[in-house]
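This report goes through a few local features of one protein chain. Look at the sequence and the structure first, then read on.

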Amino acid sequence: MNRLLTIDEIKQTELSILDYIDSVCKQHNIRYYLAYGTLLGAIRHKGFIPWDDDIDIYMLRSDYDRFIQLLSAEKENHYSLLSIYNDSDYFYEFAKVVDNRTSINANNLKAMRNEGVWVDIFPLDDAPRLLRMFKWFLNCIGACRILAVNTTFPSNKYPRLLYPLWALSKLIGPRFFLRISDMIAKSGKSSSYVGYMCSMGVSRYFFKKQWCNDVILVDFEGKKYPAFKQYDDYLKYQYGDYMQLPPEDKRVSHPIKAYWKQ
């Protein structure tokens, strides 16, 4: 039987993936930035948020596309890239780099090949002009994608009246919705704002493009990784008073079951 990883082993595996990403980016002059709770953890805790166990990074779309092209051709190590561009089973809007020596218990989700302990990579696209319409439409597309990858109706997330939509979305399959959201995300024309535009459900989704211009290195688990120089503006925008710890009932973890492969 495959051995279950401890939380510490999951974190160490993710850090090794991040180091691999960092080395590829340095070698090919690709810029990336710590994102979301990973950046918050770096600034507030100098590492992982104590109740969190994942790593998120941003790349501007041009760098994201180059990174995907490079890793899609890489076959020589135990890391793999998963994205909608190189894996027909993949069903997330953003890319992941996974450790092939591990596997994940996917619970109620559609089976996906090669899924293991991962680092998430979110593309930053130019913001669109009609933000309200854009957000509403992408939320609808995103809901259909989520329904499509659930093997049974997710009654804990959606009302029963959406059961017919689940059945239809499951029949169509997630790839259809992924192609639409990806196409729309890349259609923005703003020169002032960027964001993770493939899904509107991920925190605050757009911010000033100028924040991507200057990079500093910040401490994360004893090493240094790139972040927005204006990280204070970004974190205030995303989280408000980000140095204040949330109430204990809001310290939500995202537990996963990961295993070493035999």
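Which residue just after H7 takes a positive phi? Gly-240 does, with a phi of about 75°.

## About the model

This is a predicted model, in which local features need pLDDT of at least 70 and side-chain atom pairs count only at pLDDT 80 or more, while totals for chains, interfaces and linings use all residues. Residues are numbered from 1 along each chain as its sequence is written, and side-chain values use heavy atoms, with hydrogens and water left out.

## Helix H7

H7 covers residues 231–239; helices (H or I, at least four residues) and strands (E, at least two) are DSSP runs, numbered from the N terminus. Tyr-234, Leu-235 and Gln-238 are buried in this helix, where buried means under 20% relative accessible area, exposed over 50% and partly exposed in between (1.4 Å probe, protein chains only). The buried residues of H7 line one face of the helix, because they fall within an arc of 95° seen down its axis; the arc is that of the directions from the helix axis to the C-beta atoms. An α-helix has 3.6 residues a turn, so residues three or four places apart point the same way.

The packing partners of these buried residues are helix H2 (36–45) and the strands E3 (56–60), E9 (206–208) and E11 (223–228). Contact here means heavy atoms within 4.5 Å.

## Aromatic pairs

Rings of Phe, Tyr and Trp (its six-membered ring) pair if their centres lie within 6.5 Å; planes under 30 degrees apart count as stacked, over 60 as edge-to-face and the rest as tilted. The count by this rule is 25 aromatic pairs. In one of them, Phe-176 and Phe-177 have ring centres 5.3 Å apart and planes at 80°, so the pair is edge-to-face.

Phe-207 and Tyr-234 also form an edge-to-face pair, 5.4 Å centre to centre with 80° between the planes. Phe-207 lies in strand E9 and Tyr-234 in helix H7, so this pair ties together parts 27 residues apart in sequence. Phe-207 is buried at 2% relative accessible area, and Tyr-234 is buried at 0%.

## Two positive phi values

Asn-29 is not a glycine, yet its phi is positive, near 55°. Asn-29 sits in the loop between helix H1 (7–28) and strand E2 (33–34) and is exposed, with a relative accessible area of 67%.

Tyr-36, also not a glycine, has a positive phi of about 50°. Tyr-36 belongs to helix H2 and is buried, at 5% relative accessible area.
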